[in-house]
Amino acid sequence: MAQRIVVDPVTRIEGHLRMEAQLEDKRLRNVVSSGTIFRGLEIILQGRDPRDAWAYAQRICGVCTHTHALASIRSVEDALGIDIPKNANIIRNIMAAAQDVHDHTVHFYHLHGLDWIDVASAASNAADPKEASAIAQSISDWSPNDAGYFAGIQEKIRGIINSGRLGVFTGYWGHPAYKLPPSVNLLAVAHYIEALDWQKEIVKIHAVFGGKNPHPNYVVGGVPCSINLHDSNVINMERLNLVAAKIAEAKRFVEKVYLPDIMAIAKVYADEGETWGKGVTNYMSFGDFPSENINHPDSFYVPRGIVLDGNMEDVRDLNLKDGSQIQEFITHAWYNYRGDKSSKTGLHPWDGQTTPDYDGPKPPYDELDPTKGYSWSKAPRWNGNAMEVGPLARCVIAYAKGDAETQEAVDDALQQLNLPLSALHSTLGRTLARALEAKQRVNLLEKLYNDLIANINTGDTSTFNKTKWDPESWDKECKGVGFCEAPRGSLGHWIKIKDKKIENYQAIVPTTWNSSPRTADGQQGAYEVAVQNTPMEVSDEPVELLRTIHSYDPCIACATHLLDPDGKELMTVKVK
Amino acid sequence: MSSHPITILGIGNLVRQDEGVGIHLLRALEGKVAPEIGLIDGGTMGFPLLGIVEDAHKLLILDAVEAKRPPGDVVVWHGDDVPYFFASKMSVHQVSFAEILNLAKLNNAYPAHIAVVGIQPRTLDWGTELSDPVRQALPQAVICVQEILETWQNKNKRKKARNKTK
């Protein structure tokens, strides 16, 4: 008998997402992914000074503030034809790489990890601190790793559980989908707590270059910081040494904690590698981290490309300015195009429209109707294809393009897990790809830092190109696209400027690609496809569904956080 | 630890009208509080706020609050009421502010003194302007903040005075 499963909102994500699915024979089918909050940023930006857009764009979201600001200033620079100084390019790359490392690590330990790690098991008598210590020492030389340390952690977890205030440690403990041995659970929870402390440090890199953190400053034309190695008020050697120290700490944490933990956990779950969460297997990366110039994709450390149907023999190119390639559709979203609710037209973001037109059920509702509009997320497509973006997409494209560092990391990890390359197309593959990418980013951070020092030592301290700062120097009408590879995937901001003001602004965020609703041809988005056929053992405990959705690191980008003081439940799981 | 004896942390979303009142209030305080007090725009952030909370000796949070009061009402919570209040406040962020406070407790790094100055919002629609009653409430909220700061600073002074007499 079929049951309707509703998870709303999906927790431990950024933003507001609702998932519905039919449960038949312990498998999920007919999956519906709905973004349940309207994002009106585009409307806010119309009529503003393009140089200020980043400050609003970075407030879309509580996580990727850096990436929205970056995409925004790049869109304006593209429209106005501004090249930024070499130092500015390196500093932006350092900030982006630091964001990736922070985001991936926090995502694993604090948002996604508890889909794999059973906290109650870590607290149980079955979790032996001595065994946890032995395992820790066998996978890494990271310390503390003695039995006394793990016993202390266990005491701490027990204290929290006994207090009855689980807070962040709320979960479906004891669920059959949890498979780690109790001592590995204990090890992982210990590192959950250590990662909390570590993540406070890496963000200091943003404060150095952006003046403050959270919400660092940005500027169209470069970076808002001056470099003078001997001046105490600007970027000097002392601050650069701090950056170097934080990079070294990040490298140690990723290599000695995050990656060994991922491999230890993945070994236990390896049999899921080929069965869970295979998505659309269409992958897209806009590419990022220009070694020279944003207009030369060939110079990107993270390559650009498209892979369709998992065919890694054939990597296609993409063009963000080609009106026929990237288009957004609204037949199953709560918008209209020029008053037409059932418009089957796809609009390129330069001509995009954000006109809300809600035809869903009156809230609170039991069920959405996937034959009508059912999401505030539009349906973006590349040449008509639903795409997956994010670390796995970047990994697949880099691998397919022959990137040696990616190939070596992936081959080595899969060999240890005894899995074929095809196992990447899965929930586990997505989580693994993110960890491997974190390792690549700490290596990149080291290289970028050395590049920056070397460039400053040539006497180049320029950080800002002011030639087009004055709006009088702008064309009457111009348009541009700014993009980056955010931790969660390809992010694009498309801008049209007219008479020195923003005429139109459209953002397609990574999660819009991944959480996309259906299009008129019935083609589903990445989440919907990935959750299809996911097993579900206990009908009111959606551990397996959450594991797959969290593997994408959803970011619904709505960022409202005021609601009812009477304490609505954090999550409703309805079974009908 | 923070170099500031008192940290004022504004949180909220500037592009959701009254949801951003915590940041508007923070900006209204610029130049009106002693220079050694740290003013931090926490925006909509999640985990990056943990370090700020843990480093603070005395933490004053500014935010929009659902207090079931008329729009523009200013509400103050102290001490143990603060985590209780945030715990009941649902979040759609990756991590709620209540969880940040819990994590600080877990790390034994909870601020010695904590308070919230909240303002009841009228609208959370997309937009950058505050609604009239909320904008008009800012001066009163500034006074509330200054009263709390005075209490906290006087405690400091009394403590110093006691230490001197010893």
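The largest nonpolar core of this predicted model has 205 residues, where a nonpolar core is a set of buried Ala, Val, Leu, Ile, Met, Phe, Trp, Tyr and Cys residues joined through C-beta atoms within 7 Å. Buried here means that 20 or more other C-beta atoms lie within 10 Å of a residue's own; exposed means 12 or fewer, partly exposed is in between, and C-beta atoms are placed from the backbone. This is a predicted model, in which local features need pLDDT of at least 70 and side-chain atom pairs count only at pLDDT 80 or more, while totals for chains, interfaces and linings use all residues. Residues are numbered from 1 along each chain as its sequence is written, and chains are lettered from A and ligands numbered from 1 in the order in which they are written.

**Nonpolar cores**

- The residues with the most contacts inside the largest core are A:I94, A:V189, A:V396 and A:L445.
- Helix α4 (residues 86–112) of chain A supplies the largest share of this core, 13 residues; helices (H or I, at least four residues) and strands (E, at least two) are DSSP runs, numbered from the N terminus.
- Beyond its neighbours within four places in sequence, A:I94 is in contact with A:I205, A:F209, A:L445, A:L448, A:Y449 and A:L452; contact means that the C-beta atoms of two residues, placed from the backbone, lie within 7 Å.
- A second, separate core of eight residues includes A:I330, A:A333, A:Y337 and A:A379.
- As background, nonpolar side chains tend to be buried together in soluble globular proteins.

**Chain A overall**

- Chain A has 16 helices and 16 strands.
- The radius of gyration of chain A is 23 Å, close to the 25 Å that the globule rule gives for 576 residues, so chain A is as compact as a globular protein of that length. The radius is taken over C-alpha atoms, and the globule rule is 2.2 Å times the number of residues to the power 0.38.
- The C-alpha trace of chain A spans about 70 × 60 × 55 Å along its principal axes.
- Of the 576 residues in chain A, 55% are buried.
- Among contacts in chain A with a separation of 6 or more, 74% are between residues 24 or more positions apart.

- Strand β2 (residues 17–24) runs antiparallel to strand β3 (residues 27–35) in chain A, joined by seven bridges; two strands pair if DSSP finds at least two bridges between them.
- Across this pairing, A:M19 stands opposite A:S33, and A:L23 stands opposite A:L28.
- β2(A) and β3(A) form a hairpin with two residues between them, and A:D25 in the turn has a positive phi of about 50 degrees.
- Strand β1 (residues 3–8) of chain A is also antiparallel to β2(A), with five bridges; here A:R4 has A:Q22 as its bridge partner.
- β2(A) is mostly covered, with six of its eight residues buried.

**Helix packing in chain A**

- Helix α7 (residues 147–163) and helix α8 (residues 182–202) of chain A pack at an angle of about 80 degrees, their axes 10 Å apart.
- That makes α7(A) roughly perpendicular to α8(A). Angles under 35 degrees count as roughly parallel, over 145 as roughly antiparallel, 65 to 115 as roughly perpendicular and the rest as oblique.
- Axes are lines fitted to C-alpha atoms, for helices over the stretch in contact, and angles run from 0 to 180 degrees between N-to-C directions.
- At this meeting point, A:F150, A:I153, A:Q154 and A:I157 in α7(A) meet A:L186, A:V189, A:A190 and A:I193 in α8(A).

**A three-stranded sheet in chain A**

- Three strands of chain A form an open antiparallel sheet in the order β4-β7-β8, with β4 (283–285) and β8 (315–316) as its edge strands.
- Helix α11 (residues 391–400) of chain A lies across β4, β7 and β8, running at about 85 degrees to β4(A).

**The sheet of chain B**

- Five strands of chain B form an open sheet in the order β2-β1-β3-β5-β4, with mixed pairing.
- Its edge strands are β2 (38–43) and β4 (74–78), each pairing on one side only.
- The twist averages 20 degrees from one strand to the next.
- Strand β3 (residues 58–64) and strand β5 (residues 113–119) of chain B run parallel and are joined by seven bridges, with B:L59 standing opposite B:I114.
- Helix α1 (residues 21–29) of chain B packs on the sheet and touches β1 (7–11), β2, β3 and β5; its direction makes about 140 degrees with that of β1(B).
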